Amino acid sequence: MDCDLLVIGSGAAGLTAAVTAAKSGLSVIVAEKAEVLGGTTAWSGGWTWAPLNPVARRAGIVEDPEAPRRYLQSVLGPHFDAGKVDAFLYHAPRMVGFLEAAGLEFEGGLKIPDTYGHQPGAGMGGRSVIAAPFDGRRLGPLIGLLRKPMRETSFMGMTIQAGPDLRAFMTMLRSGPAFAHVTRRFGRHLWDLARHGRGMQLRNGNALVARLMLAADGLGVRFLTNAPAQELLSDGTGRVCGAVLGGPEGARRVVARRGVLLATGGFGHDAARRAAQFPHDDCHTSLSVPEASGDGLRLAEAVGGVQDRGLASPGAWCPVSEVPWPDGRRGVFPHIIERGKPGIIGVLANGRRFCNEGLGYHDYVTALLEAVGPQGVPESWLVCSHAFQRRYGLGISRPAPVPLGAWLRNGYLKKGDTPEELARACGIDPEGLVATLAEWNAGAARGEDPAFGRGTSAYMRLQGDPDVTPNPCVAPIAKGPFYAVRVTPGSFGTFAGLKSDGRARVLDAGGAPVAGLYAAGCDMASVMGGYYPAGGINIGPAMTFGHIAALDAAGLYEEHRP
């Protein structure tokens, strides 16, 4: 088989590269290890950080072009790579515009601020986009190739999008319009399950992948599933010119005249590499798809590429809880939403708080790891009241009217009529928890969090509840019964990918490009340097550097450079 560009991996990075290359006149093959397309992107929230994007401009948000760079320079500090950052910031909005021209539709995160609002250049909204909801029926037979949403983060397979859609589900018992919206959505979902065997009202990362698939298919991109890459091919000059793909039919050689892009999803399930780099790896759970097992890094290392282990963090951390399903399977739930709501705190085994729970998910795990140290057990407990759980939910236990009894019976949720009883159920020090709740409640009565400052930034306030005053992120935890869920370190993906430059070219140990070899997504060392400055900083750079790699392979980079 032959093509101009071979893309290995079918998440946001790989599919964006495929669309860009095909629209630029190249023939493209996308080789996917799994039997479905989408990678971890299909399980994700789908948010894409792309400052100065055309969606924001059309909405009237015009900001200083230098502000995003100042912000990243402030957050990343010594891990700020000017070449890669400048390439990302220049091409990210152009990538969004390119995909819009290819038929994709996006909505703007017009009110979503960056995480660290106190830093110079922080954005107050408009820097992120998300794929518009998509009717899966438009894919036709291709719908069978789309990875289904993650069980734990969907409701019976139905994806719910952050923003008005999620607010409707959270307030369905308090609002007539919200109840009507949920009824329509859920009724349609039940029909889709009966008719198609899966949800067809696609949102979040599932909608993004579907839209990219549709665009790629329309441009003649060829998809190969069950086709793991086994080795890269090189010509007599050392240039990468294809790969050997495995599969049910045996090995196949694919010649790629313009090069190969590695976008296999990082090393979230590479046991040896994780053990060598992740703190407390024995207690860590990855949210990436099982196929993200380090293939891209191993393929590149075999031809001279090197992994960048100098980042501030090797992974994109997220607090998670283990979910025991009735069928015996063990799932994992990412705690993204409820931590910033008013009336919940995170405590260690000593019953004491250790961080500002309303900051980013990466920050929560970073603080947990620092609090317990290398010799401690990296676990915490999210503690709330019955009223909180019924209003917002706690982990996989959904808010009212969804019953929570099953999660109490199987031990996922711990319960106590008093703080002391809850502490004993969790193995937490009772005196410590009682003292912590007393301190929290004293400040919460005034709408304050003297210890950590919950609710003092735009990012935190967005995560809170606007109906709670004076602080949307703070409320007492005073009336039992009380609930808790055990939370440990997890990750959405890996940051410590291959060393690369601003053209997405893989670099060797001497810093020279490995000819014909590109990397994007988690296979590329994160342009964010191991930090998490805003939501969407995994997918945004993944799509942007996939776009850049395709332009370079097509010989068009010079026409599109800054």
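1. Is Glu322 buried, partly exposed or exposed in this structure? The model at hand is a predicted one, and in it Glu322 is partly exposed, with a relative accessible area of 48%. Glu322 takes part in a salt bridge with Arg330, and the closest N and O atoms of the two are 2.8 Å apart. Arg330 itself counts as exposed, because its relative accessibility is 55% and the cut-off for that class is over 50%.

2. Asp270 is buried, since its relative accessible area is 10% and the class takes values under 20%.

3. In general terms, side chains of opposite charge can pair when their charged atoms come close. Arg137 forms a salt bridge with Asp135, where the closest N and O atoms lie 2.7 Å apart. Of this pair, Arg137 is partly exposed with a relative accessible area of 46%, while Asp135 counts as partly exposed at 25% relative accessibility.

4. Which strands make up the open sheet that contains β5, and in what order do they stand? The sheet is formed by three strands in the order β3-β5-β4, with antiparallel pairing. The edge strands are β3 and β4, each of which pairs on one side only. Between strand β3 (residues 48–49) and β5 there are two bridges, and the two strands run antiparallel; here Thr48 stands opposite Val129 of β5. Strand β4 (residues 106–108) is joined to β5 by three bridges, again in an antiparallel arrangement, and Phe106 has Ala131 as its bridge partner in β5.

5. Strand β5 (residues 128–131) is covered on both faces: Ser128 and Ile130 lie on one side, Val129 and Ala131 on the other, and all of them are buried.

6. Gly351 is placed in the loop between β15 (344–347) and α10 (361–372). Is this glycine, Gly351, buried or exposed? Gly351 counts as buried, because its relative accessibility is 0%, which falls under the 20% limit. Leaving aside neighbours within four places in sequence, Gly351 is in contact with Ile428, Asp429, Gly432, Leu433 and Thr436. Gly351 and Glu421 are 70 residues apart in sequence, and their C-alpha atoms are 13 Å apart in space.

7. Three cavities of 30 Å³ or more are counted in the model. The largest cavity holds about 110 Å³ of space, and its lining includes Thr494, Phe495, Cys522, Met524, Ile537 and Pro541. By class, the lining of this largest cavity has seven nonpolar and four polar residues, with no charged residues.

8. The second largest cavity has a volume of about 50 Å³. Among the residues that line this second cavity are Pro149, Met158, Arg185, His189, Arg198, Leu202 and Asn206. Both α6 (176–196) and β7 (201–202) supply at least two residues each to the lining. The lining of the second largest cavity has four nonpolar, six polar and two charged residues, whereas the lining of the largest cavity has no charged residues.

Definitions and conventions. Residues numbered from 1 in each chain as written. Predicted model: local features only at pLDDT ≥ 70, side-chain atom pairs only at ≥ 80, totals over all residues. Heavy atoms only, no water. 1 Å grid on protein atoms, 1.4 Å probe; cavity = no way out; pocket = protein on both sides within 12 Å on 5 of 7 lines; lining within 4 Å. Points joined across faces, edges and corners; volume = space filled by probe spheres on them. Nonpolar A, V, L, I, M, F, W, Y, C, P; charged D, E, K, R; others polar. Helix = DSSP H or I, 4+ residues; strand = E, 2+ residues; numbered from the N terminus. Buried < 20%, exposed > 50% of the residue type's maximum accessible area, 1.4 Å probe, protein only. Contact = heavy atoms within 4.5 Å. Salt bridge = Lys/Arg side-chain N within 4 Å of Asp/Glu carboxyl O. Pairing = 2+ DSSP bridges.
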